[in-house]
Amino acid sequence: MFMPLVIPVRPGQSASGERSQAIPDGASQDAAPAPSRPLPAAQVATIAQLRARIARIERSHDAAAPARSLPLGIPAIDQALPGGGIALGALHEAASAGADTEHAAAATLFVAGLLARLDGPVLWVLRQADLFAPGLAGAGLQPNRVIFVEAGKAVLAVMEEGLRHAALAAVVGEPAGRISLVASRRLHLAAERTGVLAILIRRSASFDDPALATPSAAVTRWRIAVLPSPPALPEAPETPGLGRARWRLDLTRCRGGEPGSWIAEACDAAGRLGLVPDIADRPHPSRLSA
Amino acid sequence: MGSKGLRPFAGPGRSPGLPLVTVTGRTLAAVDAPGLRPGMTLALAQALVPGLVVRVADPAGDAAELARLAQWCLRYAPLAAPDRPDGLWIDVSGTAHLHGGEAALLRDLVERLAGQGLRARAAVADTPAVAHAVARYAAGGVVPPGASMPGDLPLEALRLSDVVAAELRLMGFDRIGPLAAVARAPLVRRFGPLLALRLDQAAGRVFEPIVPVAPAAAIQARLGFVEPLATAEAFCVVIARLVAMVCADLERAGQGARRLELRFERVDGSAQALRVGTARPVRDARHLGRMFEERLEQVDPGPGVEAMRLAVAVAEPLGFVQGASCLVGPAAPDLAPLVDRLVNRLGESLVYRIAVVESDVPERSVRRTGVLSPGGSVCGSACWPADWPRPVRLLHPPQPIEVIALLPDHPPVSFTWRQVRHRVRHADGPERIAGEWWKRDREWFLVRDYFRIEDDDGRRFWLFRRGNGSDAGTGDMRWFLHGFF
């Protein structure tokens, strides 16, 4: 019954809200936002006004809390996200890429790192109990903040139940298989009403399950791919050991923003992502081509 | 009519078998030991029975406990009464068949009392007097209908005072049978009317009422309908009214509901019940109403429901709490309503928190606790050691893998899991976790060596080898995949 509004939000650019279906692995050819020349101030103000109006139209009329967001802490990514971060009171999706799609370890750590930087209790709705709480604590999400629910097939219903409680900081769900647009829209509306962050961790037994790429009402959709990490001691590469893991964060869909792809260091013990030191200064591939 | 005699003061908090007496002053009030009787001096009793456990008699407390036990006995029949100091009456007329007959009822009663730590003897008979006598001075059990007082019981079975019994013994009576056979008039002249009354009660010629305890006032509300209802909307309206009535009663009593039962009485005489429980005492009408409304789909209205009854099965005290003051900021969020609804939908075992257990064995380092239990929320900084990274997903049980590795303690070079070979690019380890020999004898020598490894794609795994790599006594040197980072 609802369709997400598709409105061009930047001048000189086609309606691209739905262009965001799964990006192929080499996401570099898919342009990240890179305006070639700065806009005049008046135009910037007009755009900001229009954006605010669109946001008001898109939000359901009884949305209580003003829109807030949780920055990822990496300026390049935060600038690409409307609102400067992961919007609270909205539905987001995260999935792992490749062989990790089944266990979604990287996506889980990414989500745990986000939640670690929020305050308040978290409802984590599981389909099967393979989550290991010490691992979450290692990403900064302490176990006393998390309520686990094993919901079997009722993951989405339990998530919606949780999203009606403004006392929660976030609701995380791990549903199986395809999720209809209506079901995801329900979750998004429930999250919008209470301002609770809703995150779906999409898992699938097959690598490139098309079910994970079907349209949904999620505001952002992330694919977390693991990358080979550099040696623990760059100056002595032969030393055995394990350094900080490295991820490629693919923003494959972003309502009101542009998809993009970034390389970052995995969450630390406080849930913060890190800039990759050896490529931090490298220009983005899309900027090279522009 | 049934009666039962409880062995005096056998209760929890005392190991069975030890001789026990209670005393008032220096004399015994009640005994549970062979060779002793009430009225003895304590010194004599202690000389006769070594190791005697002595407690001060508490008649008022015993009477209160007996009354509480009589309340409990209402589960068998609507009329039950305490028979001080050590007995209970239950009028099972017309209710014994509900429990499978009189013999089955007695067995059930005695077993349940034994479960509470009470040794009881019970008897069923036509009259209270016979039941009383058979329970205390014979083997108990079911006295067949129509049978009168067994004549071979001692005189005390007639509930006579000690003085009267002693005088009757002097006259040569020591059993009930001969006493009942002699002429009544001289006995009444000598001992008063009580003896005749007891004999008449024993023979069933005089009715002997019991004064039943009143059932504890349960908070409930019932609404009957002129027309049978069958739609969910109608039920919702009724639920809202019933819950409002019950909540008003709960507020008056200063209590909150922990368990509620909603009964749907159908036109065809059958009934269905919805039961909900709450994590803490609740009298919030909206919350309780929603919990029932969510479960409405389980109700089959059939030809229609003509009445609904909401009863509070378990209630606990619930006072008023002060709302948050604006000086200290917003109140801590209350998750109880959410938890109640999830628990009612999924069951208590599926909604939980994880608590820290001090164990190095990964599977044993977590424990599920209730969401609102204090143990689950005061973890604070006492967490798992942060310098040993743990995977975020754990395989249960660990999956066997094939590994190429240099013994004794080199990390793997490659491993094969699910027929896919992963070449190891970086590795960290071993982290040696020894068996908990102080808890389990079988784990005296057992060892697991854990490695964190990263394959060519960058995926990170948690592998372990059973055994320390050199000594076969520490494990069979097989490799397992245990988790993912």
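Colleague: At what angle do H10(B) and H11(B) pack?

Modeller: About 20°, with the axes 10 Å apart. H10(B) covers residues 285-295, and H11(B) covers residues 336-346. Axes are lines fitted to C-alpha atoms, for helices over the stretch in contact, and angles run from 0 to 180 degrees between N-to-C directions. Keep in mind that this is a predicted model: local features need pLDDT of at least 70, side-chain atom pairs count only at pLDDT 80 or more, and totals for chains, interfaces and linings use all residues. Residues count from 1 along each chain as its sequence is written, while chains are lettered from A and ligands numbered from 1 in the order in which they are written.

Colleague: Why are H10(B) and H11(B) called roughly parallel?

Modeller: Angles under 35 degrees count as roughly parallel, over 145 as roughly antiparallel, 65 to 115 as roughly perpendicular and the rest as oblique. The angle here is about 20°. H10(B) and H11(B) are therefore roughly parallel.

Colleague: Which residues of H10(B) and H11(B) meet?

Modeller: From H10(B) come His287(B), Met291(B), Glu294(B) and Arg295(B). They meet Pro337(B), Asp340(B), Arg341(B), Asn344(B) and Arg345(B) of H11(B). Two residues are in contact if their C-beta atoms, placed from the backbone, lie within 7 Å.

Colleague: What makes five of these contact residues charged?

Modeller: Asp, Glu, Lys and Arg count as charged; Ala, Val, Leu, Ile, Met, Phe, Trp, Tyr, Cys and Pro count as nonpolar; the others, Gly among them, are polar. On that scheme the contact of H10(B) with H11(B) also has two nonpolar and two polar residues.

Colleague: What order do the strands take in the open sheet?

Modeller: E11(A)-E10(A)-E9(A)-E8(A)-E3(A)-E7(A)-E6(A)-E4(A)-E5(A)-E13(B)-E14(B), with mixed pairing. E11(A) and E14(B) are its edge strands, since each pairs on one side only.

Colleague: Which parallel pairs does E7(A) make?

Modeller: E7(A) runs parallel to E3(A), over five bridges, and parallel to E6(A), over four. Leu200(A) is the bridge partner of Glu93(A), and Leu197(A) stands opposite Ala170(A). E6(A) in turn pairs with E4(A) in the parallel sense, over four bridges. Leu123(A) stands opposite Val171(A) there.

Colleague: What makes E7(A) mostly covered?

Modeller: Six of its six residues are buried. A residue is buried if 20 or more other C-beta atoms lie within 10 Å of its own, exposed if 12 or fewer, and partly exposed in between; C-beta atoms are placed from the backbone. Leu197(A), Ile199(A) and Ile201(A) are buried on one side; Ala198(A), Leu200(A) and Arg202(A) are buried on the other. E6(A) is covered on both faces too. For scale, buried residues make up 45% of the 290 residues in chain A.

Colleague: Which helix lies across E3(A) and E7(A)?

Modeller: H6(A), residues 181-194, running at about 125° to E3(A). H11(B) packs on the sheet as well, touching E5(A) and E13(B), at about 110° to E13(B).

Colleague: How many residues does each chain bring to the contact between A and B?

Modeller: 44 from chain A and 44 from chain B. On the chain A side, H4(A) gives the most, with six residues. That side divides into 27 nonpolar, 12 polar and five charged residues.

Colleague: Which strands form the closed barrel in chain B?

Modeller: Six strands, in the order E15-E16-E17-E18-E19-E20, with antiparallel pairing. Neighbours are turned by 45° against each other on average, direction ignored. E15(B) and E16(B) share four bridges, and Ala405(B) has Pro412(B) as its bridge partner in E16(B).

Conventions: Two strands pair if DSSP finds at least two bridges between them. Helices (H or I, at least four residues) and strands (E, at least two) are DSSP runs, numbered from the N terminus.
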